[in-house]
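Please read them with the structure open.

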Amino acid sequence: LLSSHFQFEGPVVGPLSKSEFINAIGRVDFAKSFPDFQYQFYGFHVDPFDGDRVWFTARGTGQNSGPFPPFVTEEGGTGITVVNPPQVSSITIDHATGLVRRYTIGYVVDRNVGNTGGLGG
């Protein structure tokens with residue numbers, strides 16, 4: 001699904017190439033760290049100025065009940081429930097191939113929502 005020219009970007013992380021992104025994401029077992037995580041994606045819309053780009057808002061909540069290296073090394077996690085703030089994200093499609101060429105995440109739009117102190121990702 002990822003273009004050979006794929007790029008991942010966030011406000012703190014990136015840009016990462018396709019291989020860097022796959023390597024980084026492959027090290028994270030989010031399902032083990034937050035097995036009850038409820039993903040909340042909404043507000044999908046095509047960018048009126050760039051028809052290959054789709055914007056959306058991401059939120060979510062879940063309890064950390066497993067390790068999340070390097071932040072949480074305890075097998076049972078912290079027991080803390082994370083409530084993410086709303087974050088704007090986007091996916092840009094390579095029109096010629098139909099593959100994803102850019103993925104942006106973590107741009108928090110209201111840092112007072114949730115319990116992460118305004119951190120997204």
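This is a predicted model: local features need pLDDT of at least 70, side-chain atom pairs count only at pLDDT 80 or more; totals for chains, interfaces and linings use all residues.

The points below go from the overall fold to single residues.

1. **Overall make-up.** The protein has two helices and seven strands. From the N terminus, the order is β-β-α-α-β-β-β-β-β. Along the principal axes, the C-alpha atoms fill a box of roughly 45 × 30 × 25 Å.

2. **Burial and surface.** Of the 121 residues in the protein, 31% are buried. The accessible surface is about 7,700 Å². Carbon and sulfur atoms account for 59% of that surface.

3. **Contacts along the chain.** Take the contacts between residues at least 6 apart in sequence. Among these, 49% join residues at least 24 apart. Several of the pairs below can be read with that in mind.

4. **The largest nonpolar core.** Which residues make up the largest nonpolar core? There are six: Phe-6, Phe-8, Leu-16, Phe-21, Val-100 and Ile-105. Two elements give two or more residues to this core, namely strand S1 (2-9) and strand S7 (100-108). In soluble globular proteins, nonpolar side chains tend to be buried together.

5. **Phe-21.** Phe-21 belongs to this core. Setting aside neighbours within four places in sequence, Phe-21 is in contact with Leu-2, Phe-6, Phe-8, Leu-16 and Tyr-103. Phe-6, Phe-8 and Leu-16 are also members of the core.

6. **Ser-3.** Is Ser-3 buried or exposed? Ser-3 counts as buried because its relative accessibility is 3%, under the 20% cut-off. Ser-3 lies in strand S1. Its side chain reaches the backbone nitrogen of His-5 at 3.0 Å. Beyond four places in sequence, Ser-3 touches Lys-18, Asp-94, Leu-99, Val-100 and Arg-101. One of these, Val-100, is a residue of the largest nonpolar core.

7. **Ser-90.** Look at this residue in strand S6 (residues 87-93). Ser-90 has a relative accessible area of 0%, so it is buried. Which side chains does Ser-90 meet in polar contacts? A polar contact of 3.0 Å joins the side chains of Ser-90 and Arg-53. Another, of 2.6 Å, joins the side chains of Ser-90 and Thr-104. Leaving aside neighbours within four places in sequence, the contacts of Ser-90 also include Val-54, Trp-55, Phe-56, Arg-102 and Tyr-103.

8. **Salt bridges: the count.** How many salt bridges are there? The count comes to two. Side chains of opposite charge can pair when their charged atoms come close.

9. **Glu-9 and Arg-102.** In this salt bridge, the closest N and O atoms are 2.8 Å apart. The pair links distant parts of the chain: Glu-9 is in strand S1 and Arg-102 is in strand S7, 93 residues apart. Glu-9 is buried, because its relative accessible area is 17% and the cut-off is 20%. Arg-102 counts as partly exposed, at 24% relative accessibility. Arg-102 is also in contact with Ser-90.

10. **Glu-75 and Lys-32.** Here the closest N and O atoms of the salt bridge are 3.5 Å apart. This pair also links distant parts of the chain, 43 residues apart. Glu-75 is in the loop between strand S4 (50-63) and strand S5 (81-83), and Lys-32 is in helix H2 (residues 30-33). Glu-75 has a relative accessible area of 55%, so it is exposed. Lys-32 is partly exposed, with a relative accessible area of 42%.

11. **A nonpolar surface patch.** Tyr-39, Phe-41 and Phe-44 form a nonpolar patch on the surface. Together they have about 360 Å² of accessible area.

12. **Phe-41.** This member of the patch lies in strand S3 (residues 38-47). Why does Phe-41 count as partly exposed? Its relative accessibility is 44%, which means it falls between the 20% and 50% cut-offs. Not counting residues up to four places away in sequence, Phe-41 touches Phe-56, Thr-57 and Ala-58. Phe-41 and Ser-89 are 48 residues apart in sequence and 9.6 Å apart in space, C-alpha to C-alpha.

Note on methods. Residues are numbered from 1 along each chain as its sequence is written. Side-chain values use heavy atoms; hydrogens and water are left out. A nonpolar core is a set of buried Ala, Val, Leu, Ile, Met, Phe, Trp, Tyr and Cys residues joined through side-chain atoms within 4.5 Å. Buried means under 20% relative accessible area, exposed over 50%, partly exposed in between (1.4 Å probe, protein chains only). Helices (H or I, at least four residues) and strands (E, at least two) are DSSP runs, numbered from the N terminus. Contact means heavy atoms within 4.5 Å. Patches are made of residues with over 30% relative accessible area and no salt bridge: like charges are joined within 9 Å, nonpolar side chains (Val, Leu, Ile, Met, Phe, Trp, Tyr) within 5 Å. Accessible areas come from the Shrake-Rupley method with a 1.4 Å probe; for residues, only the protein chains shown count as cover. A salt bridge is a side-chain nitrogen of Lys or Arg within 4 Å of a carboxyl oxygen of Asp or Glu. A polar contact is a pair of N or O atoms within 3.5 Å; within protein, one must be able to donate a hydrogen and the other to accept it, and residues adjacent in sequence count only if both atoms are side-chain atoms.
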